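Subject: Structure handover

Hello,

Here is the structure for you to look over. My notes on what turned up follow below it.

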Amino acid sequence: MEEELPPDAQPGERRLNIHLEPTEIAGSYANFANITFSRYEFTLTFARIEHEVEEGDVPGAVVSRINASPRFMEELIAALQDSWSKYQTTEGIRNLPEAPPHDLH
């Protein structure tokens, strides 16, 4: 029996089947990131910090740390640039001034 492909799928195309635990659906909020690297990997550390502190150490908590290969980082940067460009276009359209009403008289 031949497998039926979705209308937009190409023959031989692989699709991702990623499972997300219900406890992870909300994700984590981060307002700070630190990036370090070696010849073999990049490490992205995401944290949530308290900006309201005016003196002394700024408290914060790491919410996630990701280690990735240089090749993956290159692909991630391209995907981020593409998404940022689409976001800017959407926001630009959303923030266009309204056209003045036309007087039909």
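A word first: this is a predicted model. The notes cover charged pairs, then strand pairing.

Salt bridges

The count comes to two salt bridges. One is between the side chains of R71 and E75, at 3.6 Å from N to O. The other links K86 with D82, where the closest N and O atoms are 3.0 Å apart.

Both partners of the R71 and E75 pair sit in helix 1, which covers residues 70-94. They are four residues apart, about one turn of the helix. K86 and D82 also both lie in helix 1. Their spacing is four residues, again about one turn of the helix.

Exposure

R71 has 63% relative accessibility, so it counts as exposed. K86 has a relative accessible area of 51%. The cut-off for exposed is over 50%, so K86 counts as exposed. D82 has a relative accessible area of 38% and is partly exposed.

Strands

Strand 1 spans residues 32-37 and strand 2 spans residues 42-49. The two run antiparallel, joined by six bridges. The link from strand 1 to strand 2 is a hairpin of four residues.

Best regards

Notes. Residues numbered from 1 in each chain as written. Predicted model: local features only at pLDDT ≥ 70, side-chain atom pairs only at ≥ 80, totals over all residues. Heavy atoms only, no water. Salt bridge = Lys/Arg side-chain N within 4 Å of Asp/Glu carboxyl O. Buried < 20%, exposed > 50% of the residue type's maximum accessible area, 1.4 Å probe, protein only. Pairing = 2+ DSSP bridges.
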